[in-house]
Amino acid sequence: MEKDLVCIVCPIGCRLKITGSIEKMVVSGGKCTKAIGYAHDELTNPTRMICTTARIKGGIHKVIPVKTDKPIRDEFKFDVVEEVNKLNLVSPVKMGDIVIANVCGTDVNIVAERDM
């Protein structure tokens, strides 16, 4: 296996070159040891934080920013956004309120990112 990645653990954005197998992965190009963990996770179980907006009535804006409360497996990202798109929240909503619990059966919650 040979793969190129950009590490996103810190702002440096090291360009990584991964060679070998998953079991005997060789990661080069990283300026710190976090790159090794990132490369392994990205190739075996990629996860993402999902940040988007949901419709809200009675607020000062028509949408409110929401996000997952922890990283979600990459394979669920489109399903999660689809569920958020179905929301029709009603003000007031407080920052940190869970607006969808256990979204898509993933044990991840969608939370509001501001008061409105």
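Let's start with Arg73, which is partly exposed at a relative accessible area of 42%. Partly exposed sits between two cut-offs: buried is under 20% relative accessible area and exposed is over 50%, using a 1.4 Å probe and protein chains only.

A word on the source. This is a predicted model, where local features need pLDDT of at least 70, side-chain atom pairs count only at pLDDT 80 or more, and totals for chains, interfaces and linings use all residues. Residues are numbered from 1 along each chain as its sequence is written, and side-chain values use heavy atoms, with hydrogens and water left out.

Back to Arg73. Which residue does Arg73 meet in a salt bridge? Glu75, at 2.7 Å from N to O. A salt bridge here means a side-chain nitrogen of Lys or Arg within 4 Å of a carboxyl oxygen of Asp or Glu. Glu75 is exposed, at 54% relative accessibility.

The whole structure has seven salt bridges. Take Asp107 and Lys70. Their closest N and O atoms are 3.7 Å apart. This pair links distant parts of the chain, 37 residues apart. Asp107 is in the loop between strand 9 (98-100) and strand 10 (110-112). Lys70 is in the loop between strand 6 (63-68) and strand 7 (72-73). Strands are DSSP runs of E, at least two residues, numbered from the N terminus. Asp107 is exposed at 54%, and Lys70 is partly exposed at 36%.

Next, Lys86 and Glu83. Their side chains form a salt bridge at 2.9 Å, N to O. Lys86 counts as exposed, at 53%. Glu83 counts as partly exposed, at 30%. Finally, a network: Glu2, Asp4 and Lys17 are joined by salt bridges that share partners.

Note on methods: Helices (H or I, at least four residues) and strands (E, at least two) are DSSP runs, numbered from the N terminus.
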